[in-house]
Amino acid sequence: RPPEELTSGNVTFKDAKERWVSSFERDYLVSLLKRHNGNISHAARDADIDRKYFRKLMKKYAIEVADMDVDD
């Protein structure tokens, strides 16, 4: 279910969808990176997307492996 702030009536369908998709993408990338201890190649392979595109998404959402809590 979408968060209530996205269905409050003050948000258009398009904006709500963009926010929800963005939230999913960011959470998904972070989850994969944590699962693969920050290894971008392995995370991208697990997501079945190109490593370059995975990095592009990381940049879009300002995700830095160095800032993550991953096992060494």
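Q: How many helices and strands does the protein have, and in what order do the elements run?
A: In this predicted model, the protein has 3 helices and 0 strands. From the N terminus on, the order of the elements is α-α-α.

Q: Is the protein a compact globule or more spread out?
A: For 72 residues the globule rule gives 11 Å. The radius of gyration is 14 Å, well over that value, so the protein is more spread out than a compact globule. Along the principal axes, the C-alpha atoms fill a box of roughly 45 × 25 × 20 Å.

Q: Which elements give two or more residues to the largest nonpolar core?
A: The largest nonpolar core has 14 residues, and Leu 29, Leu 33, Phe 54, Met 58 and Ile 63 touch the most other members. Two or more residues of this core come from each of α1 (13-35), α2 (40-47) and α3.

Q: Which residues does Ile 63 touch, not counting those up to four places away in sequence?
A: Ile 63 is one of the core residues that touch the most other members. With residues up to four places away in sequence not counted, Ile 63 touches Arg 26, Leu 29, Val 30, Leu 33, Met 58 and Met 68.

Q: Does Lys 60 count as buried or exposed?
A: Lys 60 lies in helix α3, residues 51-60. Its C-alpha atom is separated by 9.0 Å from that of Arg 26, 34 residues apart along the chain. The relative accessibility of Lys 60 is 56%, and the cut-off is over 50%, so Lys 60 counts as exposed.

Terms used. Residues numbered from 1 in each chain as written. Predicted model: local features only at pLDDT ≥ 70, side-chain atom pairs only at ≥ 80, totals over all residues. Heavy atoms only, no water. Helix = DSSP H or I, 4+ residues; strand = E, 2+ residues; numbered from the N terminus. Buried < 20%, exposed > 50% of the residue type's maximum accessible area, 1.4 Å probe, protein only. Core = buried A, V, L, I, M, F, W, Y, C linked by side-chain atoms within 4.5 Å. Contact = heavy atoms within 4.5 Å. Rg over C-alpha atoms; globule rule 2.2 N^0.38 Å.
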